[in-house]
Amino acid sequence: MSYDLQRGADRVSLGIVARRPALSVAIEGLLHQVEEIRHGADDFELRVDGRTFRGRRTISSDEIQIRLDGQTFVFRRLHGIRGIDTSAATGDEVRADMPGTVVACHTEAGAAVAPGDRLVTIESMKLQMTVSAPRAGTIARIHVAENVTFERGAVLVSLVPIAGEEK
Amino acid sequence: MILFRKVLVANRGEIACRVLRTLRRLGIASVAVYHREDRNAPHVAMADEAIRLDGPVPSGAYLDRDQIIAACRSTGAKAIHPGYGFLSENAGFAEAVEAAGLAFIGPGADVIRLMGDKIRSREFAAGHGVPVAPSVTEDEAGEAFLARAVAIGFPLLIKASAGGGGKGMKIVRNTAELAENAALARSEASRYFGDPRIFAERLVEEPRHIEVQVMGDGNGNVVHFYERECSLQRRYQKIVEEAPAPNLPAALRDRICAAAVRLAAAANYRNAGTVEFILGADGEFYFLEMNTRLQVEHPVTEMVTGIDLVEEQIRIAAGQGLSFVQEQIRIAGSAIECRICAEEPDRDFRPATGRIALLDLPSGEGIRFDGGILAKQAVTPAFDSMLAKLIAHGPSRADAVKRLERALEQTAVLGVPTNLDYLLRIVRHPAFQTGRLHTGFLTLHAEDLSAPPADSPTSVAALIAAALGDKAFRDLAFGIPEPHATIGLWRN
Amino acid sequence: MAVIRSTIDTGSEEFRIRYAHNKALVEDFRRRQGAARADRPARDVDRVRKQGKMLPRERIEKLLDPGTPFLEFSSLAANVAYDGEAPGASCITGIGVIAGREVVIHADDSTIKGGAWYPLTVKKIVRCLEVAIENRLPVVHLCDSAGGFLQLQSEVFPDKYMAGRIFRNQAILSKMGVKQLALVFGHCTAGGAYIPALSDYNVIVRGTGAVFLAGPPLVKAATGEIVTADDLGGADLHTRTSGTCDYPAATEDEAITIGREIIAQWEHPRKTAVDREPPEPPLYDPDELYGILPDTIKKSFDSREVIARLVDGSRFHEYQPAYGTTLICGFAHIWGFRVGILANNGVLFNDSALKGGHFIELCNQNNTPIVFLQNITGYMVGQEYEAAGITKDGAKMIMAQACSHVPKFTIMCHASFGAGNYGMCGRAYDGRLLFTWPNHQIGVMGGEQAANTLVEVKVRQLQRKGEVAGDGVLQEIHRTTLEAYEDQISAYHSTSELWDDGILDPVDTRNALGIAISASLNAPFGEPGYGVFRF
């Protein structure tokens with residue numbers, strides 16, 4: 001397992017090579033000896049390769065910013081940041097998971113959709129739910145209309161791959 | 001000695017805070033105005049009273065003269081300090097304020113109008129013996145234009161009369177090139193602006209931007225507070241200014257300051273103003289424009305003269321006249337100001353936004369920080385990108401540079417991109433340290449001033465510090481049981 | 001605790017000869033191991049690459065915490081069997097650290113016959129699950145196998161410790177509350193399908209991962225149904241419809257990331273509390289082990305010299321130093337863990353057997369794990385020793401050893417012949433882990449003795465028929481017996497058959513024991529208790 005950060009356009013790996021007697025980290029082929037002296041809420045003190053660095057640090061959900069020796073550094077966090085994959089490489093048909101009634105259609109034939117785009121709002125068991133695009137594509141046809149009632153498994157929307165794209 | 005009982009500050013950000021500080025020191029009650037988006041801004045908290053300005057556009061609220069004058073009425077403020085920007089050079093506003101029986105802390109509307117008109121102000125200056133860059137405008141007789149252009153002397157800049165933004169501009173260095181370039185410029189002028197007329201003016205190469213701080217009583221009495229060098233500009237915006245101008249011969253300084261005083265006196269100038277000049281390497285200087293307000297960079301003058309210019313503005317507006325005669329105004333040491341802006345110098349100074357997650361302010365001898373920002377504050381595109389000004393004063397320019405460098409290192413603004421690193425690279429540049437300044441400085445040294453490569457010990461340490469700030473990395477580094485952590489990478 | 005004073009002269013001719021001999025043995029071991037790990041037909045590697053899959057060792061490296069050890073088991077399993085067709089027995093097993101937790105890893109190797117399970121593959125997987133059960137270590141399965149190797153199905157399928165034992169062990173682990181995670185990178189066919197199904201958590205890679213009882217060809221043969229692997233048992237079928245799999249992953253990397261996240265949710269084990277000292281490397285360089293181990297099976301060495309190169313600070317508290325001197329007993333620390341060590345220093349006599357039995361009881365009383373360093377040619381034989389009760393004294397030692405409740409670890413250092421193997425915690429005695437050094441030999445008796453015994457038997461057979469064997473015939477019997485026997489007793493044969501948990505370079509022994517002892521503390525020690533000692 002490696003730990004990566006995004007620096008500008010590059011992805012930089014920090015490889016932990018050893019932890020004793022000191023943390024030893026490989027960055028772009030070079031080994032660095034690291035000793036953490038202070039780990040504060042918004043500041044830090046480190047010894048890297050024998051040199052002491054004292055600086056300031058802020059962490060947000062996607063970025064870590066460092067102010068050190070009159071320089072500001074911005075890194076994007078990559079580790080552990082990923083979307084939950086609930087998409088499936090489905091076919092061209094978006095089907096109803098349960099019987100219900102169409103409340104609204106949010107798209108039209110010919111429209112390009114991205115994964116997660118709202119297609120149809122349906123109501124079933126007193127609850128309104130959004131049916132989203134499972135993948136990118138172009139709407140071939142909407143098979144239902146407002147107030148139409150459908151059964152479980154009914155095709156609601158058909159997709160075709162966006163022109164010029166191979167599935 | 002009666003000054004105003006209460007003064008309204010019609011501005012926001014660092015300048016509002018700066019004016020409020022002087023009001024407090026002078027024992028004058030203060031009123032701030034603010035737009036909803038600024039409700040947590042420091043100027044609102046600093047003032048004795050704060051009045052909300054309504055309006056859909058935040059910057060528009062601070063331009064709403066009726067609401068501001070109404071705020072004076074409702075609070076009983078007797079005078080308005082406009083700061084810089086917004087309504088500070090709006091003659092109509094100055095008139096409206098005075099018509100409302102209030103004092104406008106600034107010059108009269110006539111002078112604002114005169115100096116706000118590029119052509120009239122230039123003619124006014126020329127008419128009072130202030131040098132303006134020689135130029136000729138093309139009339140119907142094309143041949144005569146070329147001859148008159150040659151008479152100005154080379155190098156020449158040929159521009160479209162109707163144009164701007166550098167389109168159709170040509171630099172001509174000798175007679176041989178003139179006709180051809182004029183024809184080319186004419187055709188481009190015609191194409192871009194629908195008007196083929198062109199004009200030529202003396203090109204000042206590697207020009208310096210020198211300006212003189214003046215103060216007048218409105219009765220023809222004017223003093224100057226010496227000059228400021230404002231040559232370091234990006235996108236025609238100053239970012240580093242200093243006083244006095246480095247490497248400026250004393251005789252030349254005297255001539256420039258005298259010209260500024262001459263202009264202001266001729267206009268019966270009242271209150272604080274700044275006369276801007278272009279200075280060529282040959283020692284020739286030309287009038288550029290006069291700003292009829294307090295300048296962003298006024299603190300460097302305050303630091304070297306020890307005079308609070310806002311206090312002097314208030315005294316003049318209150319009818320007390322000038323506090324000083326020229327001989328009393330002396331310069332001690334050197335002061336440099338940096339403008340800290342929310343922008344990305346490595347991406348063509350694109351304005352940046354975000355929330356200030358962490359703010360460290362500098363301190364130390366000779367350090368002044370004029371800011372209007374707070375930690376956790378959002379920086380939005382609604383206002384100017386300037387967040388604060390850092391000013392360093394020292395007994396010599398070298399001392400000021402050293403103090404500025406240290407203060408910039410101390411300063412931290414995280415959460416929103418700023419030009420702090422860029423400013424530090426400027427201040428550390430040898431050409432800056434030796435004072436070899438001109439308006440092309442940032443372009444000429446662009447390569448030296450660009451972001452350093454990422455393999456320096458500092459950037460490696462920053463990368464490691466960033467990782468050590470991330471729980472995911474800490475778990476990997478410190479969450480390993482023994483003896484595995486000590487054994488380390490081992491395969492049997 | 002006293003430091004062992006080494007008497008080894010590293011400048012001596014004998015040291016030099018022994019060093020060269022053992023170093024060459026280790027180099028041969030490394031060469032065989034390297035080949036077993038990496039030598040694959042380009043065609044098979046290309047196929048894996050074309051599918052966008054990682055090689056099994058790449059997956060393991062990505063899964064492990066960076067800069068942490070991986071104690072691999074039986075890297076040369078099946079190195080002799082099947083004409084070497086299934087290097088490493090087509091799978092990788094071992095103990096590593098993921099998200100700060102010690103886990104057992106089992107990874108199929110689809111670059112060998114599509115990851116099909118040979119009999120020894122099954123034995124190796126069963127063994128690693130046994131390690132998981134005994135040490136209560138969570139298991140991560142990296143599934144990518146075509147199923148049982150049909151040509152050898154009779155040796156894969158029916159018996160108690162064959163394939164069914166894999167799933168039995170999985171069920172037992174889950175019942176014990178020991179977690180299992182399966183990452184389905186490739187196919188899990190037939191029995192293999194139960195690995196993810198019996199894991200508490202599983203992740204399946206879209207496109208390449210599939211789980212089914214019968215693959216498309218078998219389905220077609222059985223019912224005529226024509227179906228793709230993905231439709232039959234792919235990620236979407238199992239994570240959306242059947243519920244057989246929990247998490248779909250777009251790529252192998254994502255599966256690994258999800259897997260690490262899952263493990264990070266697992267409660268940290270409450271390990272058995274034992275006294276620990278700050279670890280300290282041995283005073284003497286373990287590299288000198290090569291110069292200490294003999295260059296032939298007949299030569300001996302002082303096992304204190306070996307202990308001095310395994311234990312912390314080379315410190316050793318020797319028990320009964322003057323009694324039963326052919327068995328060295330005492331306390332020491334390995335990676336800070338206190339251990340009791342029993343190391344052979346000659347033939348086991350009555351007194352050494354009694355001393356060993358007593359010391360084992362002391363370790364049990366003191367909750368101290370035991371390390372056995374085997375270099376044994378047997379218990380002493382002969383009328384004098386039988387009369388003194390050598391058999392019942394050996395039985396006492398076996399009783400004490402077999403009934404120990406503390407974790408036991410065995411290193412096969414040089415020789416393991418006869419009943420000495422039993423007393424010193426041979427494979428049959430449920431040691432937590434057992435490793436072999438490359439110079440080691442193991443058998444019911446030495447090669448020379450076996451050959452002589454067989455010649456003797458032959459002579460008597462012929463005598464009963466009234467014949468006399470010529471010297472040439474007897475020499476031939478002696479020679480062929482010896483040759484066959486030498487192959488059988490070698491470390492490579494032993495490890496091929498999984499009579500151990502792998503061959504170790506002697507210098508790696510200290511780390512291996514540190515990891516093994518640490519792993520053993522995941523399980524409680526239980527209460528001491530013995531059967532009837534024959535006094």
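This is a guided tour of a predicted model, stop by stop, with something to select at each one.

**Before you start**

Residues count from 1 along each chain as its sequence is written, while chains are lettered from A and ligands numbered from 1 in the order in which they are written. Local features need pLDDT of at least 70, side-chain atom pairs count only at pLDDT 80 or more, totals for chains, interfaces and linings use all residues, and side-chain values use heavy atoms, with hydrogens and water left out.

**Stop 1: where chain B meets chain A**

Show chains A and B together. Look for contacts, meaning heavy atoms within 4.5 Å. Here 42 residues of chain B touch 39 residues of chain A.

How big is the area buried between chain B and chain A? About 3,700 Å², with carbon and sulfur atoms giving 66%. Buried area is the accessible area (1.4 Å probe) that two parts lose on being put together, summed over both. The size of an interface is often given this way.

Now select Leu414(B), Thr458(B) and Leu463(B). In chain B, these three lose the most area to chain A. Together they make up 16% of what that side buries.

Next, pick Arg474(B) and Glu36(A). They form a salt bridge, with the closest N and O atoms 2.8 Å apart. The rule asks for a side-chain nitrogen of Lys or Arg within 4 Å of a carboxyl oxygen of Asp or Glu. Across this interface of chain B and chain A it finds five salt bridges.

There are also 15 residue pairs in polar contact between chain B and chain A, both residues at pLDDT 80 or more. A polar contact is a pair of N or O atoms within 3.5 Å; within protein, one must be able to donate a hydrogen and the other to accept it, and residues adjacent in sequence count only if both atoms are side-chain atoms.

Switch to a cartoon view. Helices (H or I, at least four residues) and strands (E, at least two) are DSSP runs, numbered from the N terminus. Several elements of chain B give two or more residues to the side that touches chain A, among them helix H13 (397-410), helix H18 (457-468) and helix H19 (471-478). Which one gives the most? H18(B) does, with twelve residues.

Colour that side by class. You get 29 nonpolar, six polar and seven charged residues. Ala, Val, Leu, Ile, Met, Phe, Trp, Tyr, Cys and Pro count as nonpolar; Asp, Glu, Lys and Arg as charged; the others, Gly among them, as polar.

**Stop 2**

Two strands pair if DSSP finds at least two bridges between them. Ile27(A) has Leu30(A) in E4(A) as its bridge partner. E3(A) and E4(A) form a hairpin with two residues between them. In the turn, Glu28(A) has a positive phi of about 45°.

Follow the chain on. E4(A) also pairs with strand E5 (residues 43-48), again antiparallel and over five bridges. His39(A) is partnered by Phe44(A) in E5(A). This hairpin of E4(A) and E5(A) has three residues between its strands.

**Stop 2: a sheet in chain A**

Move to an open sheet of four strands in chain A, in the order E13-E12-E10-E15, with antiparallel pairing. The edge strands are E13 (127-132) and E15 (149-150), each pairing on one side only. Strand E12 (residues 118-124) and E13(A) share six bridges. Find Arg118(A) and its bridge partner in E13(A), Ser132(A).

**Stop 3: a sheet in chain B**

Go to chain B. Five strands form an open sheet, E3-E2-E1-E4-E5, and the pairing is parallel. E3 (49-53) and E5 (103-104) of chain B stand at the edges with a single partner strand each, so one side of each is left without a neighbour in the sheet. Strand E4 (residues 79-81) of chain B joins E5(B) through two bridges. Ala79(B) stands opposite Ala103(B).

**Stop 4: where chain C meets chain B**

The buried area is about 1,800 Å², and carbon and sulfur atoms give 60% of it. Select Arg491(B) and Glu61(C): their side chains meet in a salt bridge (2.7 Å, N to O).
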